[in-house]
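Subject: Structure handover

Hi,

Here is the structure for you to look over. My notes come after it.

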Amino acid sequence: MTDGGLPSFLWEIAHQLRRRGFPMGIEDYDALRSALTAGFGLDSDERLRELCVTLWAKSAEEAEIVRAAFSRVELDDWRATPAVEADVDRAGAGLDPAGAISAHPTARPGSASRPVLAPAGASLQASLAPELVSSPPSTGEVDRSLVLVPQFPLTDREVAQAWRRLRRPLRIGPAVEIDVAATIERRSRSGVVTPPVLTPRRRNTAKLLLLIDRYGSMTPFHSYVGHVVRAIRNAGRLDNVREVYFHDLPAAGDRSVLDQLTDPFRPDLDQVLSLISPLDDGRVYDDPELTTPRDLDSVLAEVGPTTAAVVISDAGAARQRLDTDRLLDTIALLKALTSQLSTVTWLNPARPAHWTGSTAGLVGRHIPMFPLTREGLGGAVDVLRGRPALVERPL
């Protein structure tokens with residue numbers, strides 16, 4: 001049975017991928033229909049599976065997900081359906097499914113002969129000397145129904161789609177584009193044909209500083225945060241992405257301001273908010289293992305005042321704990337960032353339900369804080385693009 005000319009199990013596979021959050025649309029399904037109509041993937045189940053991998057997967061991780069979806073579905077005798085049999089017969093006769101003559105191993109008289117490729121399952125041992133062949137020990141068949149790649153809440157594509165919206169286009173570099181308005185104005189003013197006016201091409205000059213919390217309560221999120229950071233760097237199309245790391249906080253603030261609280265049991269620090277000084281001796285690290293220290297001031301001086309910053313930390317939400325000292329140090333860090341960078345926002349990998357009653361909930365009163373989800377990334381990018389965010393007590 002086929003669905004619109006395609007085997008019915010392909011529609012089931014597409015539904016499985018969609019339920020897993022696989023970024024697949026109707027155009028991907030239509031691309032497979034066109035490829036099968038052109039005669040591709042009709043030789044065997046393996047060829048059909050690899051055709052779907054080629055059309056749908058955009059990374060090695062997504063390729064494994066597609067293969068696993070194939071392994072979970074029972075493939076019926078799809079090549080016995082009339083529509084597919086007609087495509088196979090036309091392809092085997094040297095004709096594509098539209099009826100045109102296609103390339104075939106049998107060459108026409110007088111034409112140059114073409115090398116015949118070995119089947120996909122043929123071994124390479126026949127082309128090698130026997131003494132050079134060394135077969136590895138067998139470990140059994142691989143269970144393709146198991147997805148042996150991490151399944152994060154966000155895919156590479158979703159992260160890239162969010163961060164590609166962070167743009168600060170400026171015309172930089174050699175003049176290679178025609179400025180139509182300036183060219184018309186020059187020719188109208190001179191009255192003769194003049195050379196076109198050229199202008200530099202627009203480039204995205206957006207710069208991003210990522211301050212990432214490591215170890216402690218952030219240990220369970222290391223793989224997920226690393227995945228998001230790699231996607232931002234590789235596919236975000238930003239001019240410059242800089243990552244620095246710290247544990248809990250880069251440094252401790254001035255704790256003497258806590259003595260001026262009239263109510264020491266009050267969780268917030270609104271009474272002494274203006275008295276908290278920015279961090280001036282913070283220390284961060286260039287590597288995730290926290291082995292290469294660097295002064296925070298030097299990092300902020302290198303990135304410049306036009307750089308946007310994102311802090312990635314649970315801020316105590318993972319343990320659902322309220323720590324007044326950590327709140328004080330966090331406010332001191334945020335003051336140092338907001339005084340030297342253009343915009344600052346916060347991404348929290350912990351669930352928003354855990355923010356209430358923890359340090360994270362109070363930090364969110366002073367800086368825009370978003371969960372590390374698709375919607376949260378979109379909100380953080382909007383803030384970095386200049387969209388005003390409502391916070392209770394902005395710094």
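Below is what was found, starting with how to read the values.

This is a predicted model, so local features need pLDDT of at least 70, side-chain atom pairs count only at pLDDT 80 or more, and totals for chains, interfaces and linings use all residues. Residues are numbered from 1 along each chain as its sequence is written, and side-chain values use heavy atoms, with hydrogens and water left out.

**Core**

Start with the largest nonpolar core. A nonpolar core is a set of buried Ala, Val, Leu, Ile, Met, Phe, Trp, Tyr and Cys residues joined through side-chain atoms within 4.5 Å. Buried means under 20% relative accessible area, exposed means over 50%, and partly exposed is in between (1.4 Å probe, protein chains only). The largest core holds 41 residues, and L209, L211, L269, L337 and W346 touch the most other members. Elements that give two or more residues to this core are β5 (207-213), β6 (240-246), α9 (296-303), β9, α10, β10 (344-348) and α11 (359-363). The most comes from α10, with eight residues. Helices (H or I, at least four residues) and strands (E, at least two) are DSSP runs, numbered from the N terminus. In soluble globular proteins, nonpolar side chains tend to be buried together.

**Second largest pocket**

Next, the open space. On a 1 Å grid over the protein atoms alone, a pocket is an open set of points with protein on both sides within 12 Å along at least five of seven lines, while a cavity is a set where a 1.4 Å probe fits but cannot get out. Lining residues have an atom within 4 Å of a point. Grid points are joined across faces, edges and corners, and a volume is the space filled by probe spheres set on the points.

The second largest pocket has a volume of about 500 Å³. Its lining has 21 residues, and E61, L154, T155, D156 and H227 are the closest to its centre. Two or more lining residues come from each of α4 (60-71), α6 (156-163) and α8 (222-235). The largest share, five residues, is from α8. By type, the lining has nine nonpolar, six polar and six charged residues. Here Ala, Val, Leu, Ile, Met, Phe, Trp, Tyr, Cys and Pro count as nonpolar, Asp, Glu, Lys and Arg as charged, and the others, Gly among them, as polar.

**Cavity**

How many cavities of 30 Å³ or more does the structure hold? There is one. The largest cavity has a volume of about 60 Å³. Its lining is S217, D314, G316, A318, R319, R321, D323, R326 and T359. That divides into one nonpolar, three polar and five charged residues.

**Rings**

A search of the whole structure finds one aromatic pair. The rings of F152 and Y224 have centres 5.9 Å apart and planes at 15 degrees, so they are stacked. Rings of Phe, Tyr and Trp (its six-membered ring) pair if their centres lie within 6.5 Å; planes under 30 degrees apart count as stacked, over 60 as edge-to-face and the rest as tilted. F152 lies in the loop between α5 (82-92) and α6, and Y224 in helix α8, so the pair ties together parts that are 72 residues apart in sequence. F152 is partly exposed, at 24% relative accessibility. Y224 is buried, at 9%.

The charged end of R214 sits over the ring of Y215, 5.3 Å from the ring centre. The cut-offs for this are NZ of Lys or CZ of Arg within 6 Å of the ring centre and within 35 degrees of the ring normal.

**Positive phi**

Most residues other than glycine have a negative phi. A315 has a positive phi, near 55 degrees. A315 lies in the loop between β9 (308-312) and α10 (324-340), and is buried at 3% relative accessible area. Q320 also has a positive phi, of about 50 degrees. Q320 lies in the loop between β9 and α10, but is partly exposed at 47%.

**Contacts across the sequence**

D280, in the loop between β6 and β7 (283-285), is exposed at 59% relative accessible area.

Best wishes
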